[in-house]
Structure formats: structure tokens, C-alpha cells
Amino acid sequence: MLTILAKLFQALHSENSTRQIAAAVALALIFALSPLLSLQAFFILFVVLLIRVHLASFLVAITVFEGVRVMLNTTIINIGESLLTTASLQSLFTGLYQFDVFKLAQLHHTFNLGALILGVALAIPLYFVTKILIDKYREHIKAFFERLAIVKALKASRVFAIYQELPKLGGRA
């Protein structure tokens with residue numbers, strides 16, 4: 001867990017795109033709210049592996065949002081139940097149930113449908129908020145710490161130079 005947190009701080013201090021980190025956090029929210037063995041969870045994993053997102057940020061965000069999911073379980077079920085029992089949507093869900101993909105996604109279950117709807121609804125603003133927060137962090141907090149004398153001394157030391165060379169020696173960038 002500490003190595004994942006270290007990779008997250010490394011991502012915040014690196015030149016990684018804020019879009020990559022924010023996308024990882026937003027996709028982690030949808031993944032964490034979804035049941036683990038569901039089509040939507042596999043789809044999110046496929047998207048994460050297909051596009052360039054920061055994997056350490058994705059993993060850290062999943063652990064945070066799993067705790068959030070526990071607190072939102074009743075809300076997720078209520079959202080799914082209200083959508084599935086709405087009279088005006090009955091014909092839509094009846095028609096969708098005829099397709100095998102809909103059955104495989106198990107969106108006729110209250111939790112699965114509620115998790116998908118709530119996850120997508122919250123992931124869109126979360127992406128933009130995370131992007132803004134990372135930009136503010138890099139602009140203000142990172143700059144503040146880099147001005148400290150102890151940080152300048154550590155960066156000038158030989159130990160820091162060796163630390164910087166470690167990813168290159170291991171063959172990973």
C-alpha cells in the first residue's frame with residue numbers, strides 16, 4: 001500500500017498529464033461502485049488498460065471508493081429500484097431485457113443499475129474537480145515544498161541522484 005501511495009505522489013510530482021490522473025480517478029469511481037464480477041467492471045478495466053491512465057492513481061482511488069460504496073449501498077439500491085419500477089420506463093426495460101447483452105450486464109438488478117447510473121453521474125464532475133485540484137496542487141503546494149531549504153539540500157545530495165536513476169536501471173520508465 002505504501003508503494004502505491006508513493007507512486008501516487010510520484011505521479012502528482014511528475015510531468016504526467018492531469019487528464020490521465022483525473023481519468024483514472026473517475027474510472028475508479030465507476031469500477032468501485034460496480035459489483036466486482038460484472039460486465040461493467042470488466043468494461044471499465046478494459047478501458048483503463050486500453051487508454052493511457054495512471055494505474056497507481058486508479059488503484060488508490062479504488063481503495064478509497066470501495067469505502068464510499070459501503071456507505072452508498074442503500075442509495076445505490078434505491079436509485080436502481082426507482083428506475084426499474086418507474087411506470088414510464090417499464091417498456092424500455094422490457095425491450096432491453098430481450099437483448100443478451102442487457103441480460104449479461106445484469107442491469108435488471110437494482111444494485112447493478114443503480115451503481116452504473118450513480119457512478120457515471122458522479123464520475124463526470126469528479127473528473128473535472130480532480131483535474132482542477134491536481135493543477136492547484138502542482139501550482140501552489142508543490143512549489144511551496146520545492147522552495148524549502150531541506151528539499152533543495154535533499155535534491156542536491158548523491159542519494160537523490162541515485163534514487164532518480166533507479167527506474168532507468170530497472171528497465172522501467
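A: Helices (H or I, at least four residues) and strands (E, at least two) are DSSP runs, numbered from the N terminus. This is a predicted model, in which local features need pLDDT of at least 70 and side-chain atom pairs count only at pLDDT 80 or more, while totals for chains, interfaces and linings use all residues. Residues are numbered from 1 along each chain as its sequence is written, and side-chain values use heavy atoms, with hydrogens and water left out.

Q: How many helices and strands does the protein chain have?
A: The protein chain has nine helices and zero strands. Along the sequence the pattern reads α-α-α-α-α-α-α-α-α.

Q: And what share of the residues is buried?
A: Of the 173 residues in the protein chain, 32% are buried, where buried means under 20% relative accessible area, exposed over 50% and partly exposed in between (1.4 Å probe, protein chains only).

Q: Turning to helix 2 and helix 3, at what angle do their axes cross?
A: The axes of helix 2 (residues 18–33) and helix 3 (residues 39–50) cross at roughly 160 degrees and come within 9 Å. Axes are lines fitted to C-alpha atoms, for helices over the stretch in contact, and angles run from 0 to 180 degrees between N-to-C directions. Helix 2 and helix 3 are therefore roughly antiparallel (under 35 degrees counts as roughly parallel, over 145 as roughly antiparallel, 65 to 115 as roughly perpendicular and the rest as oblique).

Q: Which residues meet there?
A: Leu 27, Ile 30 and Phe 31 of helix 2 meet Ala 41, Ile 44, Leu 45, Val 47 and Val 48 of helix 3; contact means heavy atoms within 4.5 Å.

Q: What about helix 2 and helix 4?
A: Their axes come within 7 Å and cross at roughly 40 degrees, helix 4 being residues 55–85. That makes helix 2 oblique to helix 4. Residues in this contact include Ile 21, Ala 24 and Val 25 in helix 2, and Phe 58, Glu 66 and Arg 69 in helix 4.

Q: Is Thr 130 buried or exposed?
A: Thr 130 is buried, with a relative accessible area of 11%.

Q: What does its side chain reach, and what does Thr 130 touch?
A: The side chain of Thr 130 reaches the backbone oxygen of Leu 126 at 2.7 Å. Not counting residues up to four places away in sequence, Thr 130 touches Ala 22 and Val 25.

Conventions
Polar contact = N/O pair within 3.5 Å; in protein donor to acceptor, adjacent residues only side chain to side chain.
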